[in-house]
Amino acid sequence: MVNQSMRKSQESAMAWEARPGPFEHALDGRVRSLGRRGGLLRVLEGRVWLTVEAVAEDRVLLAGERIHLPAGHGAWVEPWEPGQRVRIDWRRQRPGEAWVE
């Protein structure tokens with residue numbers, strides 16, 4: 001039962017990660033993988049907890065804040081508080097794409 005539940009959660013996270021950006025997404029209280037490609041994360045509503053692989057400290061981002069995540073490190077985002085409404089805009093970096101802000 002636990003393995004089946006974990007598998008469904010992993011499949012859901014992979015499908016979410018594979019969506020083409022840019023897109024807005026309302027986080028539903030679960031941890032979401034942003035993948036390893038890098039990209040631009042903007043918080044549209046609420047407050048998120050961001051964890052980036054190989055970075056010593058997690059970050060908390062508020063509505064209106066954004067951060068460029070370099071390729072090569074996994075990143076995960078989730079609502080700061082359980083049940084909190086959060087909307088993000090995630091734009092994955094395409095291979096060879098240069099960021100101009």
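Val60 sits in strand β5, which covers residues 59-62. Keep in mind that this is a predicted model. So is Val60 buried, partly exposed or exposed? Its relative accessible area is 35%. Buried would need under 20%, and exposed would need over 50%. Val60 therefore counts as partly exposed.

That matters for the next item.

Now to strand β8. This strand spans residues 86-92, and Asp89 is in it. Asp89 has a relative accessibility of 3%. The limit for buried is under 20%, so Asp89 is buried. What does the side chain of Asp89 contact? The side chain of Arg91, through a polar contact of 2.8 Å.

Next, the whole chain. The protein has one helix and eight strands.

On to burial and surface. The protein has 101 residues, and 32% of them are buried. Its accessible surface is about 6,500 Å². Carbon and sulfur atoms account for 52% of that surface.

Last, contacts. Take those between residues at least 6 apart in sequence. How many of these join residues at least 24 apart? The share is 65%.

Definitions and conventions. Residues are numbered from 1 along each chain as its sequence is written. This is a predicted model: local features need pLDDT of at least 70, side-chain atom pairs count only at pLDDT 80 or more; totals for chains, interfaces and linings use all residues. Side-chain values use heavy atoms; hydrogens and water are left out. Helices (H or I, at least four residues) and strands (E, at least two) are DSSP runs, numbered from the N terminus. Buried means under 20% relative accessible area, exposed over 50%, partly exposed in between (1.4 Å probe, protein chains only). A polar contact is a pair of N or O atoms within 3.5 Å; within protein, one must be able to donate a hydrogen and the other to accept it, and residues adjacent in sequence count only if both atoms are side-chain atoms. Contact means heavy atoms within 4.5 Å. Accessible areas come from the Shrake-Rupley method with a 1.4 Å probe; for residues, only the protein chains shown count as cover.
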